[in-house]
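Student: Could we go through this structure together? I have a few quick things to ask.
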Amino acid sequence: MRKFLISVAIAALSAFISCNGSQNLKTEIENCIYDAPATVGVAVIGPDGDTTLVNNDICYPLMSVFKLHEALAVAATLDKRGETFDRPVDIDSADINPGTWSPMVKIYGVRDTVLTVDMLLSHLLLQSDNNASNILFDKIVSVAATDSIVKSIADDRTFTLRYTERQMQRDHDLSYDNCSSPLACASLIGKVFGDSLVSTAKQNRIAQLLTGCESAPGRIAAAAKDIPGVKLAHRTGSGYTNDAGCIVAVNDVACIELPDGRRLSLAILVKDYAGNQDDADALIARIARKIINYYL
């Protein structure tokens with residue numbers, strides 16, 4: 001009986017320390033965003049599964065963060081078909097929009113060509129290429145199917161995917177309908193590095209590409225780059241400027257490996273930022289640095 005009571009006491013003390021620690025981190029984040037000219041949502045899943053949430057009960061526009069969901073849906077679809085990422089994709093010149101964010105246009109131009117799924121995923125996840133996204137939605141898996149597939153493998157399903165980059169470019173207001181809670185994002189990228197979602201080879205390739213993400217270096221990447229031993233994998237999202245002069249979304253979602261090998265995942269989603277892009281990026285970097293330092 002005494003051993004049982006001691007065990008209960010130890011468990012209660014551990015829970016108190018965990019809860020108190022999480023509250024301390026939450027307070028630090030809240031202090032960081034209290035005067036931000038935007039709605040800021042943050043979710044952190046710590047190495048021991050402890051969760052810190054700030055403004056998580058809001059649906060934030062994902063923008064290009066949804067390319068993580070798309071990559072997983074592409075992988076799951078090809079798994080079902082028994083195909084690899086080496087599958088060729090025929091691309092017509094009409095499939096290419098030179099007026100959208102698309103580094104691949106500088107390489108291939110606007111012409112008929114054939115690229116593998118792997119090449120398209122590389123442009124999608126490394127450089128956030130909108131043409132790569134549209135082509136994969138057109139040729140491999142639809143947005144509606146992506147929403148369904150990812151919800152079938154996700155722990156947190158508080159997200160909705162409805163529109164492609166092409167559709168959002170035509171009507172910027174549609175950006176608000178591709179949305180998610182921060183926790184759903186943090187949970188999903190964490191699962192890429194912790195659970196089996198699709199075939200091993202495909203999941204490893206997606207993880208590798210997330211580790212090489214080149215977009216938005218002023219956000220979480222800026223917070224992590226000067227800390228020895230920290231490894232970052234992330235997916236970013238950047239929105240249009242709406243009629244009120246606000247940036248619809250400035251996002252970064254990451255899985256971070258600490259110097260001792262522990263991992264944490266986080267999502268920082270900024271909605272309707274009434275300021276410039278550099279300041280919004282710097283806000284995310286400050287929040288991310290608080291989070292990383294907390295777990296070091």
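Student: Among contacts between residues at least 6 apart in sequence, what share join residues at least 24 apart?
Tutor: The share is 68% in this chain, where a contact means heavy atoms within 4.5 Å. This is a predicted model, in which local features need pLDDT of at least 70 and side-chain atom pairs count only at pLDDT 80 or more, while totals for chains, interfaces and linings use all residues. Residues are numbered from 1 along each chain as its sequence is written, and side-chain values use heavy atoms, with hydrogens and water left out.

Student: And how much of the chain counts as buried?
Tutor: Of its 296 residues, 53% count as buried, that is, under 20% relative accessible area, with exposed set at over 50% and partly exposed in between, for a 1.4 Å probe and protein chains only.

Student: Switching to aromatics, how many pairs are there?
Tutor: The count comes to two aromatic pairs, taking rings of Phe, Tyr and Trp (its six-membered ring) whose centres lie within 6.5 Å, with planes under 30 degrees apart called stacked, over 60 edge-to-face and the rest tilted.

Student: Why is the pair of tyrosine 294 and tyrosine 295 put in its class?
Tutor: Their ring centres are 4.9 Å apart and their planes stand at 85°, so the pair is edge-to-face.

Student: Are those two buried or partly exposed?
Tutor: Tyrosine 294 has 29% relative accessibility and therefore counts as partly exposed, whereas tyrosine 295, at 7%, counts as buried.

Student: What does the C-alpha trace span?
Tutor: Along its principal axes, the trace spans about 75 × 45 × 35 Å.
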